[in-house]
Amino acid sequence: MGWLWAIIVGFVLGLLAKAILPGKQHSPLWLITIFGIIGAIVGNSLAGAFGIQETPGIDWGRHALQIVAALVVVGLGDMLYMSVRGKKQRA
């Protein structure tokens with residue numbers, strides 16, 4: 001069940017990041033989901049480093065770090081995807 005939750009959370013985080021970022025992202029949905037999973041992992045790691053990984057109640061700090069990390073990963077990942085895709089179309 002852990003992998004299923006990782007995919008669901010990654011999907012939601014990826015879509016949130018895609019909706020928040022300005023402009024159009026050209027990455028396919030499966031790649032946005034992977035970027036969201038990576039953002040969740042990075043956000044959890046940052047929360048652990050800041051000491052806010054597990055708090056009583058809803059972990060708003062951890063969730064905020066996950067969204068910020070997903071924004072960065074989706075933005076950078078989409079730029080990388082477009083640079084690789086652009087090179088393939090020119091060849």
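**Figure 1. Model confidence along the helices of the protein chain.** Helix α2 (residues 29-50) has the highest mean pLDDT among the elements of this predicted model, 93. Helix α3 (residues 60-90) has the lowest, 88. Here pLDDT is the predictor's confidence in each residue, from 0 to 100. The average for the protein chain is 89, and 93% of the residues score at least 70. Because the model is predicted, local features need pLDDT of at least 70 and side-chain atom pairs count only at pLDDT 80 or more, while totals for chains, interfaces and linings use all residues. Numbering starts from 1 along each chain as its sequence is written, and side-chain values use heavy atoms, leaving out hydrogens and water.

**Figure 2. Overall fold and surface.** The protein chain has three helices and zero strands. Its pattern along the sequence reads α-α-α. Helices (H or I, at least four residues) and strands (E, at least two) are DSSP runs, numbered from the N terminus. The C-alpha trace spans about 55 × 25 × 20 Å along its principal axes. Of the 91 residues, 27% are buried. Buried means under 20% relative accessible area, exposed over 50%, and partly exposed in between (1.4 Å probe, protein chains only). Among contacts with a separation of 6 or more, 61% join residues 24 or more positions apart. A contact means heavy atoms within 4.5 Å.

**Figure 3. The crossing of α1 and α2.** Two packed helices are described by the angle between their axes and the distance between the axes. The axes of helix α1 (residues 2-20) and α2 come within 7 Å and cross at roughly 105°. The two helices are therefore roughly perpendicular to each other, a label for angles of 65 to 115 degrees; under 35 counts as roughly parallel, over 145 as roughly antiparallel, and the rest as oblique. Axes are lines fitted to C-alpha atoms, for helices over the stretch in contact, and angles run from 0 to 180 degrees between N-to-C directions. From α1, the contact includes A6, I7, F11 and K18. From α2, it includes L29, I32, G36 and A40. By class, the contact has ten nonpolar, four polar and one charged residues. Ala, Val, Leu, Ile, Met, Phe, Trp, Tyr, Cys and Pro count as nonpolar, Asp, Glu, Lys and Arg as charged, and the others, Gly among them, as polar.

**Figure 4. Surroundings of Q66.** Q66 lies in helix α3. Q66 counts as buried because its relative accessibility is 6%. Leaving aside residues up to four places away in sequence, Q66 touches L13, G39, A40, G43 and N44.

**Figure 5. I41 on helix α2.** I41 is found in helix α2. At 53% relative accessibility, I41 counts as exposed.
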